[in-house]
Structures are given as structure tokens and as C-alpha cells.
Amino acid sequence: MQITASTVSLTVDDVAASQAFLTTHLGYREQAAADGFASLTRDDAACDIVLLRRGIDVLPAEQRDRHATGLILAFTVDGGLEAEERRLKDEGVTITMPLREEPWGERLFQITDPNGVVVQFVEWVKAEA
């Protein structure tokens, strides 16, 4: 098996709100859309995102009422976390966890989309030799 792409599928109450958030603030663009569905992509190594409206009948019955909770959509970036946090603040995005550095060398901050999907930006600090 060869994996050629990665996609995360999120079940949300308001597909349009998450779609607008991701396209406006995170550089995603619409690949396909229909009532209760949107497929988003970027040109870099970020995973694609599919948004499904909670209750949509394309999902198996036992999955229809689930919501994307307890999930963190994490993107590892190479530098520029301070600038990215500032850009998002300037665009009116609420930073739900300000930039911080963990003892194990992870620098990160989080934002949350209108449906409660947590998006985290991570940069790993290089150990000094």
C-alpha cells in the first residue's frame, strides 16, 4: 500500500462556518462542495480537510450525530510562530491558547474555529549541540 494523500474528516454543525474560517485564515481552498459537505485543500504538505454536517445521511447511522470534539488538528510549521499568532490576532481570530514552550521542546499555540475544532500550530525547538 502506498498512501498518496492524507485527509481528516470532521463532523460539524455548521459546514459553511468552518469552511469560511479555514479558507479565510488558514489558506485552504475549496476542492468540492455540496449541501452539508465541503472538501478543502492546500498546496503544501498540510492534510486535506473534509467537513460533513452533523446528521448527514452519507455517514453510517451510528456516526451521524457525532461531533468533532476532543480532537486537535495540529500543524507542524517551520519557524514564524510569533508572526503567525500575530497575523491571526490581527484578523480577529481568538487565540485560545497563547504561544508557549513546553519543557520537551515543543512551541505551540491554539485557535478554535466556530464549530469548536481546535487548531494547533507546533514548532519543535532544536536542541543545542
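Is F75 buried or exposed? I looked this up in what is a predicted model. F75 is buried, its relative accessible area being 12%, which places the residue under the 20% limit.

**Aromatic pairs.** I counted 3 aromatic pairs. One of them joins Y28 and F75 in a tilted arrangement, with 6.4 Å from centre to centre and 45° between the planes. Y28 sits in the loop between α1 and β2 (29-34), and F75 belongs to strand β5, so this pair ties together parts 47 residues apart in sequence. Y28 is also buried, at a relative accessible area of 3%.

I then turned to F109 and F121, which form a stacked pair at 5.1 Å centre to centre, with 25° between the planes. Because F109 lies in strand β7 and F121 in strand β8, the pair ties together parts 12 residues apart in sequence. I found both F109 and F121 to be buried. Y28, F75, F109 and F121 make up one aromatic cluster.

**Nonpolar core.** I noted 25 residues in the largest nonpolar core, of which I111 and F121 touch the most other members. Among the elements that each supply at least two residues of this core are β1 (7-12), α1 (15-25), β7 (106-112) and β8 (118-124). Leaving out residues up to four places away in sequence, I listed the contacts of F121, including L26, F75, L88, F109 and I111.

**Largest pocket.** I recorded about 280 Å³ of space in the largest pocket. It is lined by 17 residues, and those closest to its centre are R42, D44, F75, V77 and F121. β5 (72-76) and α2 (81-90) are the elements that give two or more residues to the lining. I sorted the lining into 9 nonpolar, 4 polar and 4 charged residues.

Methods
Residues are numbered from 1 along each chain as its sequence is written. This is a predicted model: local features need pLDDT of at least 70, side-chain atom pairs count only at pLDDT 80 or more; totals for chains, interfaces and linings use all residues. Side-chain values use heavy atoms; hydrogens and water are left out. On a 1 Å grid over the protein atoms alone, a cavity is a set of points where a 1.4 Å probe fits but cannot get out, and a pocket is an open set with protein on both sides within 12 Å along at least five of seven lines; lining residues have an atom within 4 Å of a point. Grid points are joined across faces, edges and corners, and a volume is the space filled by probe spheres set on the points. Helices (H or I, at least four residues) and strands (E, at least two) are DSSP runs, numbered from the N terminus. Ala, Val, Leu, Ile, Met, Phe, Trp, Tyr, Cys and Pro count as nonpolar, Asp, Glu, Lys and Arg as charged, and the others, Gly among them, as polar. A nonpolar core is a set of buried Ala, Val, Leu, Ile, Met, Phe, Trp, Tyr and Cys residues joined through side-chain atoms within 4.5 Å. Buried means under 20% relative accessible area, exposed over 50%, partly exposed in between (1.4 Å probe, protein chains only). Contact means heavy atoms within 4.5 Å. Rings of Phe, Tyr and Trp (its six-membered ring) pair if their centres lie within 6.5 Å; planes under 30 degrees apart count as stacked, over 60 as edge-to-face and the rest as tilted.
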